[in-house]
Amino acid sequence: MNGKQLKNSILQWAIQGKLVPQDPNDEPASVLLERIREEKARLLKEKKIKKDKNESIIYRGEDNSYYEKFLATGEMKCIDEEIPFEIPATWEWVRGKSVFLPMESTKPAKDFVYIDVDAVNNKTNSIDKPKFILKTNAPSRATRKLHKNDILFSMVRPYLRNIALVPEEYANAIASTGFYVITSLNALFPKYIFLLMLSSYVVDGLNSFMKGENSPSINNCHIEDFLYPLPPLTEQHRIVAKVEELLPFVENYACAQNKLNKLNTEINDKLKKSILQEAIQGRLVPQIAEEGTVQELFEQIKQEKARLVKEGKLKKSVLSDSNIFRGDDNKYYEQIGTEIIDITNEIPFEIPKNWIWTRLKNFCSVCTGATFKKEEMESGHCGIRVLRGGNIKPFQLCTKPDDIFIPQSKVKEDILLKHNDIVTPAVTSLENIGKMAIVELDMPHTTVGGFVFIIRPLGGGESLSKYLLAFMSSPSAIDFMKSITNKSGQAFYNIGKERLVTALVPIPPLAVQERIVSKIEKLFEQLR
């Protein structure tokens with residue numbers, strides 16, 4: 001249970017009469033309701049409020065069922081189906097309009113403090129972004145008159161949990177019509193009503209009435225007709241005192257829980273990176289001499305490349321691989337044609353004897369996805385789906401409701417996603433460099449955008465692809481990618497394709513790759 005869930009539980013216990021002991025000496029809420037009716041009758045006589053034509057009272061009959069009686073007509077109906085939970089015998093169920101005063105409208109007569117729906121912090125439930133507005137610039141929705149201890153309850157998405165108790169300093173402010181402003185009758189304790197409105201029962205219950213496509217919202221009637229549990233006044237004070245006593249402990253718990261969650265995430269992340277680094281250095285699984293050589297794998301890759309060149313899918317230049325070897329002087333050399341270069345300083349770590357170093361371009365093709373103009377996008381989910389950086393999570397590729405679609409005629413066949421492709425952002429934030437995902441099945445109607453790389457292993461099958469994913473997600477590969485980036489804009493970095501394909505990759509025999517991949521999957525499963 002996190003801090004938010006604990007707070008919600010405490011508020012739920014409070015409004016169900018389970019947070020503080022029941023005191024038989026408390027004046028029951030039924031007497032409190034009589035005083036509220038007297039207060040409303042006085043205000044009606046003074047013409048400060050209008051008569052509620054649908055005024056009703058809710059009571060429990062001798063058959064233990066709940067009934068609502070409408071005073072104007074005498075009509076009665078059973079409302080058992082509306083009652084969400086049991087409350088103590090001294091409590092009462094009430095409609096909001098029975099205990100809330102009608103909202104007051106006003107027009108700014110002078111410059112004023114304006115509280116819009118985004119001025120309320122939904123984590124602290126306080127007003128932290130009020131605006132000082134000149135009378136001449138008053139927004140049309142600035143009409144809600146406020147008083148001290150009013151409760152602001154936002155009725156529009158995405159601010160449906162923006163709820164606040166109005167402190168004295170904003171008693172003369174004006175609020176947006178995006179709020180329902182709850183002014184409690186004098187017989188009630190406003191702080192209890194505030195806690196009641198914060199409860200999941202009220203928030204989730206009211207939000208269930210939300211309607212609308214462009215700006216979903218609830219309306220005044222939903223709040224006024226909703227059923228609220230009302231305890232005796234003395235218990236309202238005890239409930240508020242108890243919640244205020246508990247909240248600092250809840251906040252400390254939430255802080256500690258957040259730190260623990262962050263620590264667990266960081267530990268898991270570090271453990272995963274350590275596992276990947278150990279794997280690509282040949283230290284995660286035992287090395288077995290009888291498992292063949294890497295040359296067998298590269299023979300497969302050579303044949304695959306020759307086939308793709310013959311079919312015109314790759315340029316002939318891909319057949320000219322470089323060859324990296326270790327000399328008698330224990331140094332590493334790379335032979336390209338007849339030229340031999342010492343690359344010892346590029347080699348980041350030692351690998352087992354039956355492994356080899358090679359460049360990424362020697363066994364993979366790397367390309368970027370589709371480029372298109374905004375006007376070429378298809379409406380609805382028609383055509384080819386274009387995945388972007390936001391679709392790529394660590395080791396997971398996902399679709400989203402706001403994915404882009406373009407006509408099939410705009411997409412070349414070779415950039416449609418295939419089984420064993422690896423995708424990673426070409427332009428991304430520094431912390432997201434190395435975010436990779438593998439394509440688990442052919443996706444003939446999906447590609448990626450122009451700011452995403454498709455890394456496609458040539459030969460070797462699923463084991464090579466999964467091993468390459470492990471390498472490209474490892475600290476060594478991420479450090480390399482960071483070293484070749486160029487800053488693109490204020491917060492983004494561009495990874496150049498020409499430099500990416502020069503990455504040095506340690507390659508084990510296929511059988512070792514299979515054992516490495518299997519071990520990584522088992523260890524990652526344990527870290528979930």
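Student: How many positive and negative side chains does the protein chain have, and how far apart are the centres of the two sets?
Tutor: The protein chain carries 72 positive and 68 negative side chains, and the two centres lie 4 Å apart. Lys and Arg count as positive, Asp and Glu as negative, with His and the chain ends not counted. Each charge is placed at NZ of Lys, CZ of Arg, CG of Asp or CD of Glu.

Student: What sort of model is this, and how are residues numbered?
Tutor: It is a predicted model, where local features need pLDDT of at least 70 and side-chain atom pairs count only at pLDDT 80 or more, while totals for chains, interfaces and linings use all residues. Residues are numbered from 1 along each chain as its sequence is written, and side-chain values use heavy atoms, with hydrogens and water left out.

Student: What is the radius of gyration of the protein chain?
Tutor: The protein chain has 34 Å, whereas a compact globule of 528 residues would have one near 24 Å. The radius is taken over C-alpha atoms, and the globule rule is 2.2 Å times the number of residues to the power 0.38. The C-alpha atoms fill a box of roughly 105 × 50 × 45 Å along the principal axes.

Student: How many helices and strands?
Tutor: There are 12 helices and 32 strands. These are DSSP runs numbered from the N terminus: helices are H or I with at least four residues, strands E with at least two.

Student: Which strands does β17 pair with?
Tutor: β17 (residues 332-336) runs antiparallel to β16 (residues 323-326), with four bridges, and antiparallel to β18 (residues 339-342), also with four bridges. Strands pair if DSSP finds at least two bridges between them. Tyr-333 is the bridge partner of Phe-325, and Ile-340 that of Gln-335.

Student: What about the turns?
Tutor: The β16-β17 hairpin has five residues between its strands, and Asn-330 in the turn has a positive phi of about 70°. The β17-β18 hairpin has two residues between the strands, and Gly-337 takes a positive phi near 65°.

Student: Changing topic: is Phe-112 buried or exposed?
Tutor: Phe-112 is buried, at 6% relative accessible area. Buried means under 20%, exposed over 50%, and partly exposed in between, using a 1.4 Å probe and protein chains only. Phe-112 sits in strand β6 (residues 112-115).

Student: What is Phe-112 in contact with?
Tutor: Beyond neighbours within four places in sequence, its contacts include Phe-132, Leu-134, Pro-139 and Ile-174. Contact means heavy atoms within 4.5 Å.
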